[in-house]
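Here are my notes after a pass through the model, in the order I would read them at the screen. Have the structure open and follow along.

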Amino acid sequence: MRDAGLVRRWSRRDWLSAAVVATTAAFLVGTALLLTSAGAYTSTLEGGLATSATVEYTESPATVTSEGDRIVVPVSPATVDGTDTRVVGVPSDAPAEIPGASVAWKAARLPQPTANTAVGPVAYRHEVVIEGTAGTVTRDVRPPENRSVFPARWYADRPSTTEELGTSGAFVLDPGSDDGDASYRTGVPLIGTIPFILLGIRDVLRILSLAGVAGGVVVLVVVYSVTRMSVRDRRTTVRVLRATGADPLRVGGLIAARAAAVTGVGVGAGVLAGVAAPPAIVAAAGALGVPVTLPTEPTPEKLRVVGALAATLTLA
């Protein structure tokens, strides 16, 4: 009975220690899941950024030719209902989507005006008077079907319309395929700020990794301290067990079983809380209107990480 009591009888300190272990384990598991998700997410972003598509602006569109796979889009400054805007002239043979610039999470689309209808920032289809520097045109304008690579407040029509309005320059879009002349690819990447975001994410992941290591040390210290205090508080019980014939190996096993019980309860509760925390945080962010696209679905890799953490902490 005495040896069973050494394992089953928990003091308030033991329950508090289990709570500390649970909190730390939840932090470690949640951090590991976020690291795994963010690592997979950055890999997806890096894979999606494997594009050589560029864009260049020129003030002399007449000197630019649509050689290879390049798309020349003339631009005209204009005014619609007293509001300054721009009109881009999308060629009739331009693709609806630029393959070399599209990524898995964002399609690089071009607006698709027709000979009779332009595309612009309108709520419904109607005629719009567009005033340019060289002339004025009246066009039937419809709302865009999808977001394009151009600002939403701009209008898109055919190059002939920009000529009537007065062309001031042109965008030269180069999808970056092997068919074009590489000598013309002097523009900036269509996706230029994402690499800086990736570097920032890597810094955050590095900090979280250090925090995870620190959390593991905390668990080890807590378990060691609790076990040491439990042995000190139960010296009388240990002496009685030794005096009644219990060998040192059995006493050591009972002490280890007690430490494992405290750790097991704490780790079990912490794993449950750590697994539930990331989806809950993402859901709460969405409810507050903060867009979070970090994937939180369970995957075999995440299950392996959680299992390895739980086993390591339990055996600590």
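Predicted model: local features only at pLDDT ≥ 70, side-chain atom pairs only at ≥ 80, totals over all residues.

1. Residues are numbered from 1 along each chain as its sequence is written, and side-chain values use heavy atoms, with hydrogens and water left out.

2. The overall tally: the chain has seven helices and nine strands. Of its 316 residues, 39% are buried, where buried means under 20% relative accessible area, exposed over 50% and partly exposed in between (1.4 Å probe, protein chains only). Taking contacts (heavy atoms within 4.5 Å) between residues at least 6 apart in sequence, 74% join residues at least 24 apart.

3. Strands β2 (residues 71-80) and β3 (residues 83-89) are antiparallel partners with six bridges; for pairing, DSSP has to find at least two bridges between two strands. Ser-76 sits opposite Val-87 of β3, and two residues separate the strands of the hairpin.

4. Most residues other than glycine have a negative phi. Asp-81 belongs to the loop between β2 and β3, and it counts as exposed because its relative accessibility is 76%.

5. Thr-85, also on β3, has quite another setting: this residue counts as buried, since its relative accessibility is 5%. A polar atom of the Thr-85 side chain lies 2.9 Å from the backbone oxygen of Arg-153. (A polar contact is a pair of N or O atoms within 3.5 Å; within protein, one must be able to donate a hydrogen and the other to accept it, and residues adjacent in sequence count only if both atoms are side-chain atoms.) Beyond its neighbours within four places in sequence, Thr-85 touches several residues, among them Ser-76, Trp-154 and Tyr-155.

6. On to β7 (residues 155-157), which pairs with β3 in the parallel sense through three bridges. Gly-89 has Asp-157 of β7 as its bridge partner. Is Asp-157 buried or exposed? Asp-157 is buried, because its relative accessible area is 1%. Its side chain makes a polar contact of 2.6 Å with that of Arg-139. Setting aside neighbours within four places in sequence, Asp-157 is also in contact with residues including Val-87, Val-88, Pro-113, Thr-114 and Ala-118.

7. Now look at β6 (136-142). Strand β4 (residues 117-119) runs parallel to β6, with three bridges, and Thr-117 faces Asp-140. Strand β5 (residues 126-132) is antiparallel to β6, with six bridges; here Glu-131 is opposite Thr-136.

8. The aromatics deserve a look. Rings of Phe, Tyr and Trp (its six-membered ring) pair if their centres lie within 6.5 Å; planes under 30 degrees apart count as stacked, over 60 as edge-to-face and the rest as tilted. That rule gives four aromatic pairs. One of them, Phe-150 with Phe-171, is tilted, at 6.0 Å centre to centre and 45° between the planes. The two are 21 residues apart and link distant parts of the chain, with Phe-150 in the loop between β6 and β7 and Phe-171 in strand β8 (residues 169-174). Phe-150 counts as buried at 9% relative accessibility, and Phe-171 is buried at 18%. Ring pairs join Tyr-57, Phe-150, Trp-154 and Phe-171 in a cluster.

9. Last, helix α6 (residues 248-287): its 40 residues reach 58 Å from first C-alpha to last, close to the 58 Å expected, the expected span being 1.5 Å times one less than the number of residues. Where does α6 bend? The bend is about 30° at Ala-277, with a proline, Pro-278, following within four residues; the angle is taken between axes fitted to the seven residues ending there and the seven starting there. Just past α6, Gly-289 has a positive phi of about 85°.
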